[in-house]
Amino acid sequence: MLYIHKTACISPQQTHPEADLNRLMASKNNMLQITEPVYADIPPGVLRRMGKAVRLSVGAALPLLKNGPAPDGIIIGTANGGIEDCIKFLNQIIEYNEGLLTPGNFVQSTSNAPAAQIALITKNKKYNCTHTHRGLAFENALLDAIMQLEENVENSYLVGSVDEISAYNFNIDRLAGCFREAVISNDKLFETPVAGTIAGEGCFMMTVSGKAAGAEARVVALLTIHSTDENLVRNTLEQFLHQTGFSENAPDLLISGENGDSRLQKYYDAAESLFPETASIARFKHLSGEYCTASSFGFWLGTEILRTGKIPGIVLKREGSRRIERILIYNCFRGLQHGMILLESIIHTR
Amino acid sequence: MSRIMITGMGIISAIGNSVAENRDSLKNKRGGISRLEFYPTAYAGKLPCGEIKISSETFREKLFTHPDSAITRTGLLVLHAAEEAVKDSGLTPDQLAFRDTALVGATTVGGMCLTDELFRDAHERNYGSPYTSSYDYASVTLAAQQRFGITGEISTINTACSSSANAILYGARLIKRGYAKRVIVGGADSLAKFTINGFNALNILSSGLCAPFDRNRNGLNLGEGSAFLVLEREEDVKGKKIYAVLSGFGNSNDAYHPSSISPEGEGPYLSMKEALERAKLKADEISYINAHGTGTENNDETESVAMQRLFGTPPPFASTKSFTGHTLGASGAIEAVYSVLGLMHQEIYPSLQFSEPILSTGLIPLHDYRQQAVRHVMSNSFGFGGNCTTLIFSKP
């Protein structure tokens, strides 16, 4: 069992260092971007050389690791790592026609740089891995930690995710048809069902262990599936809930990755159909925007709801009657990659 | 706990398009590093590479991909190697589509091998190329996901040059923890302006043939390739051919520098040590080490130091990167295939281009093909960011 201890979420909303979701920060040109925090723990000379994905990761991780025991591993999910540095290096290649180039952007762009930099700064010589499986990069990082904790309950890990928007990857994804053609405001994301969504970015970090003492919540189970068939997705989800003992008593809350893209609505409708009226439904992509590891924002939201006992009004799609003790986070990325995570409060045990 | 058995392998590299061709080249000391003929770069005449002399168009025809399908060269290499592995293991379409079949790929370049198309799409206003969804790392694993109709757990790993060693490690864990019964694991990278220019800017590319563990080594040669292995639980493989057991693995971070390994080889030492512990083996039980051995000043010296720390006098070791070039995200899986071949045929493969040992360590790599008893083979993969991984394969 994976127990969640401390969490940090740097997002386009007010989530770091303290969360205040009463006010919705607005998107601009179909992008929800992060206002970066002051990185008090990173020496300025080191900070200057870091790309955004690395800055965000180190900035979110260091406070969690302060005063705690050194984790037995660092596991990060990121689909693209430092894509800004990557394309800056590419620009150099083209601009100087493969001439004499500086390697800084190249080294910063490798997607294992966030996990590697955290290890370097904290002198952590343990397990270190970076999962880059697009819309399931975070889920795989989480599964990696779950499996290691099954092997050794005494261990603890730093687990997280990061993906950044750059003008370049926004443009490539725009050409691929991922975003709305018309500029919309994020508070209207769910109003008109048309193709496309809005872009986002974010970084989530948490410390996890195999022990309940001092924990806020736990992950009961996780499952991923690759399929375009909504019936298969629905059946898999139903089976998943059944196998984890939830079929009689569906989770009290569904945190849905619904993103206003009409092409994906059938998957989210299929997930919702498994929940009785007594269960609540929340959604969050109008807060985070869409990106490959956006499900980690939904995951963070779940831990916040369990911690505070309240669902922020801004994320509520449907209010049920039950107290929130068990949460399903369901996210579908581009109609192929589906992640299902069951979170549970550890304060109350049935 | 069930043992993890290897029941299928597939590979393509500069020294052959199949497992059999690769073995033949290794036995006969036939290296594949040469002048670039296919990949268009300003360095074509200057930096030799381990290039596969088959055009992407030929691959596309051979692999029957739909002409419109936007599979990049890296994805094509994945399909080529994974198909051989799946066929070799005799996995049925039903097995492949079942939830208990997992797939773990690895790459450091992914679809970015299409450097020029990526540049254009990053700056284009109106019409994207067909490749707008194919530049990322996951795209190359998803090519195999689609080809085989896999629905189970799937990941793509990028820990730089140890990526596919970690894919094998993660796949083994999926089996051990019951998230899969069988898993197709491996990795791929193709030549790219991105990596050629990146490594060149770091001054670690050799203008001649790389000479791993040689005193006068002056850098690595980049290569391209892909390899995949099929891992299965021991209880599920009754009656099947079994090539080897994955008996141990270790993963450690060197935590020293973003692009070089610490002088004492701390990360390499720790990953080798952990792998031995997990395999419940003593250092002197290792028959052969397939070293990371890139041919750079930094790697070969620090890896030598780490081997001496752990083994005292290391067993026979060599770097097969002197045949294939450094295939980055593919190298861990390619060298896993070579390690398994050594166990299957009771033989060990040499390093090419070696003449004089490094002064400080005096270690001499194996430089001739040899037939001998092989019980346990260790395979090292170390990457930028200090990501060190060691795998141990054993005779079943």
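Which residue stands opposite A282(A) in β8(A)? Select I255(A): this is the residue opposite A282(A). The model is predicted; local features need pLDDT of at least 70, side-chain atom pairs count only at pLDDT 80 or more, and totals for chains, interfaces and linings use all residues. Residues are numbered from 1 along each chain as its sequence is written, with chains lettered from A and ligands numbered from 1 in the order in which they are written.

**Chain A**

Show strand β8, residues 280–283 of chain A, and strand β7, residues 253–256 of chain A. Strands are DSSP runs of E with at least two residues, helices are runs of H or I with at least four, and both are numbered from the N terminus. β7(A) and β8(A) pair (at least two DSSP bridges between the strands) in the parallel sense over four bridges.

Next select strand β9, residues 316–318 of chain A, which pairs with β8(A) in the antiparallel sense over two bridges. Here R318(A) is the bridge partner of I281(A).

In a regular strand the side chains alternate between the two faces of the sheet. In β8(A), S280(A) and A282(A) on one side and I281(A) and R283(A) on the other are all buried (20 or more other C-beta atoms within 10 Å, with C-beta atoms placed from the backbone).

**Chain B**

Move to S322(B) in helix α11, residues 321–324 of chain B. S322(B) is buried because 32 other C-beta atoms lie within 10 Å. Its C-alpha atom is separated by 7.2 Å from that of Q353(B), 31 residues apart along the chain.

Notes:
A residue is buried if 20 or more other C-beta atoms lie within 10 Å of its own, exposed if 12 or fewer, and partly exposed in between; C-beta atoms are placed from the backbone.
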